[in-house]
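Subject: Structure for you to look at

Hello,

I am passing on a structure that you have not worked with before. Please open it first and then read the notes under it.

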Amino acid sequence: MQTTIGDFILDRLKAIGITEIIGVPGDFNLSFLEQIEASEGIRFVGACNELNAAYAADGYARQRGVGCLLTTYGVGELSALNGIAGARAEHVPLVSLAGAPPQYATEFRWNLHHSLADGDFANMLDSFAPFTEVATRVSPMNVVEEFDRALHTCLREKRPVHIQIPSDITHLSIEVPDEPFSTELAPSDPERLNAAADYVLEHLAKAKDPIILIDQDTNRHGFTEKFRAIIDKAQLPYSQLSSGKAILSERHPLFIGTYNGAASAPGVQERIEKSDFLVTTNPRFIEVNSGSFTHNLADARVYNFGDQHLNADGEYFVGINTLELLDVLLDRIPEAGASTSAAFEPEPFEPNPDAPLTQERIWPQMLGFIQEDDVVIAEAGTSNIGLGQQRMPEGVQYINSTIWGSIGFTLPCVLGSQLANPKRRHVLFIGDGSFQLTAQELSTILRQDLKPIIVLVNNDGYTIERYILGMEREYNEIQMWDYTALPKAFMKDTTMESYVASTESELAKALDDIAAHPERGAFLEVRLDAFDAPKGLQAFGPQTADFDFGPRGPRNA
């Protein structure tokens with residue numbers, strides 16, 4: 001079948017569920033943009049800059065299973081690289097496309113704008129290689145095999161891929177396969193699949209304290225619903241890392257709390273570290289989710305479920321599709337009687353009318369506002385630390401960037417996430433310092449007629465940095481903005497409503513009004529003292545200083 005290169009690429013993107021391509025136009029991608037404009041079932045959404053576009057594509061992928069970014073060569077793609085690296089760190093499948101100089105110009109090493117004017121057109125791909133699973137430039141002769149290879153790798157490995165598309169080839173005709181693109185993973189080796197299932201079930205039957213420990217790869221590889229069904233059928237207790245927060249219910253009777261090394265919920269560390277059957281999903285321990293490296297699984301008998309393998313307490317099974325293995329286990333695992341324990345219910349929050357807002361009390365108050373099935377997006381810093389201690393309602397999808405932790409990520413992330421799933425209510429919690437990094441993307445949120453609830457935590461500077469070092473230093477201060485004026489500054493006739501709260505009663509009134517008007521977005525500024533912080537942050541800051549600066553380095557008084 002004959003089609004143009006641009007239409008082939010768009011057909012492939014639509015086949016994997018992409019209906020929005022997020023990015024910034026540039027001269028090397030304009031030819032491709034014309035083809036997007038002419039194509040049905042897919043559209044281009046322009047962001048304010050490439051970094052924000054990459055963050056937004058990441059958020060999109062967390063809803064749809066994959067996102068797509070479009071930039072232009074050199075200045076555009078390098079501007080997006082931080083966001084692409086974040087997707088790599090967080091195991092988010094992202095297809096990054098970049099319009100490249102014409103093929104003849106790269107082959108004959110012309111000195112061009114957006115390059116170093118030295119004829120080197122490999123350096124950009126070399127820059128992307130460490131942060132992607134595939135970094136390639138396509139041509140009319142290889143685009144079918146190369147593009148398909150990149151998509152399969154992205155979907156299988158849950159990592160970003162980067163593809164440069166020369167600007168002079170998108171309208172050329174090529175021969176493409178007649179059969180549709182398949183997103184199915186390769187099936188398991190039957191013997192290895194059955195051997196793995198037999199081994200797991202045999203040792204599970206002998207276990208006295210089996211526990212499932214959830215982390216972000218549980219979600220990334222599509223294990224979540226299968227583990228939920230196994231837990232309910234076999235009545236297995238489970239825990240989570242902070243980087244896997246709320247992937248499974250935090251209020252279920254079988255949830256034992258969050259594992260975080262020495263900073264775990266009471267009793268959790270001992271149970272996890274002494275479990276005789278601990279199921280994991282490729283956990284990656286960093287200082288944030290390990291209690292500053294106080295985790296210790298040496299005495300646990302670990303059964304680690306990767307996407308294509310099982311490490312069963314030192315016995316390796318490869319050549320298996322783990323989704324198939326989980327299906328077999330669900331079918332064969334013995335059914336246990338349902339637990340009679342009650343589900344967790346938080347204490348109702350009663351506001352003190354004239355009390356100023358504090359970090360200790362604002363997060364329980366916010367918990368009462370969060371509804372079942374909300375998408376809750378928490379910026380690194382006080383928002384994530386404060387919300388991390390709260391058990392989310394049923395069905396909440398909790399999004400943050402625990403590992404990469406690039407501040408400013410979450411505002412563009414909510415843009416991408418709500419583009420991908422506009423029917424779900426999105427609630428964003430972001431600090432004032434983080435907001436100032438990517439604030440311009442609020443204009444795109446309004447232009448796309450999205451209606452998130454944005455809670456701006458205004459504590460007048462970089463609070464998390466203050467507690468690490470420089471409590472009163474100028475380098476941790478930022479300019480105070482008139483934040484609630486920004487929605488109308490970006491769009492004069494916006495329906496997004498602005499609110500300010502400094503006391504618990506003001507916050508309660510604002511939250512009631514926001515909940516009563518789901519048809520419009522909301523921008524809520526909550527004002528707290530600059531030196532107030534969640535207890536977790538008050539402990540994390542000095543620990544980070546000890547780790548970062550050595551025994552002779554500076555400390556806060």
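Predicted model: local features only at pLDDT ≥ 70, side-chain atom pairs only at ≥ 80, totals over all residues.

Charged patch. Four acidic residues, Glu-345, Glu-372, Asp-373 and Glu-394, gather on the surface as a patch of negative charge. One of them, Glu-394, sits in the loop that runs between helix H14 (382-388) and strand S17 (397-399). The relative accessible area of Glu-394 is 34%, so this residue is partly exposed.

To find Trp-110, look in the loop between helix H5 (103-107) and helix H6 (123-128). Trp-110 has a relative accessibility of 44% and therefore counts as partly exposed.

Annotated span. UniProt, in an unreviewed entry, lists residues 200-292 as "domain: Thiamine pyrophosphate enzyme central". In the model, that span is 32% helix and 17% strand.

Thr-382. This residue is part of helix H14. Is Thr-382 buried or exposed? Its relative accessibility is 6%, and buried means under 20%, so Thr-382 counts as buried. Thr-382 and Thr-463 are 81 residues apart along the chain, while their C-alpha atoms are separated by 7.4 Å.

Regards

Methods:
Residues numbered from 1 in each chain as written. Heavy atoms only, no water. Patch = residues over 30% accessible without salt bridge, like charges linked within 9 Å, V, L, I, M, F, W, Y side chains within 5 Å. Areas by Shrake-Rupley, 256 points an atom, 1.4 Å probe, with all protein chains shown as cover. Salt bridge = Lys/Arg side-chain N within 4 Å of Asp/Glu carboxyl O. Lys, Arg positive; Asp, Glu negative; His and termini not counted. Charge placed at Lys NZ, Arg CZ, Asp CG, Glu CD. Helix = DSSP H or I, 4+ residues; strand = E, 2+ residues; numbered from the N terminus. Buried < 20%, exposed > 50% of the residue type's maximum accessible area, 1.4 Å probe, protein only. UniProt positions renumbered as here; feature names shortened; annotations may be inferred.
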